[in-house]
Amino acid sequence: MASRTALRGLITGRGPARSAAAAFISGARSISSWWGAVEPAAKDPILGVTEAFLADPSPHKVNVGVGAYRDDNGKPVVLDCVREAERRIAGSQNMEYLPMGGSVKMIHETLKLAYGENSEFLKDKRIAAIQALSGTGACRVFADFQRRFLPDSQIYIPVPTWANHHNIWRDAHVPQRTFHYYHPESRGLDFAALMDDVKNAPNGSFFLLHACAHNPTGVDPTEEQWREISYQFKVKRHFAFFDMAYQGFASGDPERDAKAIRIFLEDGHLIGCAQSYAKNMGLYGQRVGCLSILCEDELQAVAVKSQLQQIARPMYSNPPVHGALIVSTILGDPELKNLWLKEVKGMADRIIGMRTALRENLEKLGSPLPWEHITNQIGMFCYSGLTPEQVDRLTNEYHIYMTRNGRISMAGVTTGNVGYLANAIHEITKSG
Ligand code: KET
């Protein structure tokens with residue numbers, strides 16, 4: 001009985017039950033001290049929102065937390081190109097292990113998306129690449145590689161960034177520094193401060209850059225600004241690591257969304273890149289992505305790839321096979337690839353439509369606040385400017401779930417809930 005109360009306390013983390021949990025834990029410690037000191041971990045700021053949403057019985061609840069695309073009925077989407085690939089694969093797939101580095105065919109198609117269809121680097125075999133456990137896994141293997149071969153290096157991370165970037169480089173024991181990115185007053189890029197930070201960082205520093213559709217701000221540098229950043233990186237001999245989790249979601253066209261990377265390549269940088277098919281192919285739970293590092297020559301690429309594989313082997317041995325086969329089936333067939341491009345554009349367009357609808361609804365309600373940033377920002381998210389306390393009110397009073405930094409996943413906004421969302425935002429912001 002006591003232990004049941006204690007366990008409930010441990011789960012809910014509240015009141016007397018919480019103390020009962022503590023007492024239970026210290027009692028347990030006398031029997032076995034192994035895990036007695038383990039405290040419950042803090043909730044993840046993004047995935048914790050999904051947990052809270054799922055636990056809410058309200059029929060009005062809205063989830064604009066995690067960056068996961070929904071159709072206009074609020075339902076998860078399996079793309080038609082994926083369904084067709086599944087149909088073609090059915091029956092022919094065996095379940096054998098992939099090589100440590102993953103599917104060669106999937107990697108080849110994936111590199112073409114980042115480096116260009118006719119990339120000389122691909123032809124010259126200068127890119128060391130492995131299939132990764134989606135974008136997160138790609139970042140993590142890179143961070144471990146950085147730590148292993150350049151143990152004195154640090155990573156410069158934008159403020160703000162995707163919360164998990166901090167966890168990834170922390171767990172890889174790479175010291176973190178930050179650089180200016182977002183300018184809250186203008187709700188745009190703080191380009192001058194960013195450039196100062198790039199100039200003031202020690203020569204040869206590592207920078208984490210969002211290739212497009214910056215998360216959480218929805219603010220990207222312009223092409224001209226990317227050129228200046230690339231130039232300054234060249235002067236300072238910095239290393240650019242691109243996290244590209246949203247290729248296609250910024251402009252609706254994956255080729256255009258690779259522009260920042262292409263500028264760096266034109267300028268002769270040896271970049272690193274994390275790619276993910278979670279969002280742009282809707283393969284979230286399949287965990288399929290790619291880590292690549294552009295090297296000086298083929299020999300270096302062979303060595304680097306072998307070391308990346310060596311990091312993967314004791315961690316997860318080899319990556320999952322099914323998602324990789326879906327990707328290579330789609331991208332290896334011109335007809336399916338075209339269908340995919342059309343569907344990516346469709347997702348991006350629906351999000352743009354919802355941006356306009358949310359802004360219009362707020363303006364129609366007579367909101368005294370400016371909301372142009374909703375339509376100026378791009379990609380999956382709107383960095384609304386709502387404070388953590390305002391977000392708490394949205395959740396507690398209106399059952400609207402989002403991250404406490406005020407980020408709204410526009411991919412979760414629909415024709416059916418945009419009015420409700422706008423009204424709730426208006427109610428909690430109208431008094432200033
Ligand atoms: N990078 C960025 C910038 C990013 O936003 C995500 C996911 C990832 C990498 C990793 O995605 P993966 O599923 O490993 O390919 N972001 C959303 C989901 C999450 O937090 O895991 C999000 O921000 O909601």
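Start at the boundary between domain 1 and domain 2, where about 1,400 Å² is buried, 61% of it on carbon and sulfur atoms; buried area here is the accessible area (1.4 Å probe) that two parts lose on being put together, summed over both. Select Ile378, Phe381 and Tyr383: they supply 37% of the area that domain 1 buries against domain 2, more than any other three residues.

This is a predicted model, in which local features need pLDDT of at least 70 and side-chain atom pairs count only at pLDDT 80 or more, while totals for chains, interfaces and linings use all residues. Residues are numbered from 1 along each chain as its sequence is written, and side-chain values use heavy atoms, without hydrogens and water.

Next, colour the two domains. Domain 1 is 46–77 + 349–430 and domain 2 is 98–332, with bounds from an automatic or database domain assignment. Their centres, taken over C-alpha atoms, are 28 Å apart.

Now show the contacts (heavy atoms within 4.5 Å). They join 18 residues of domain 1 to 16 residues of domain 2. Four residue pairs across this interface, both residues at pLDDT 80 or more, are in polar contact: a pair of N or O atoms within 3.5 Å, one able to donate a hydrogen and the other to accept it, with residues adjacent in sequence counting only if both atoms are side-chain atoms.

Then select residues 381–383. This is strand S11, which gives the most to the side of domain 1 that touches domain 2, with three residues; strands are DSSP runs (E, at least two residues), numbered from the N terminus.

Key: Helices (H or I, at least four residues) and strands (E, at least two) are DSSP runs, numbered from the N terminus.
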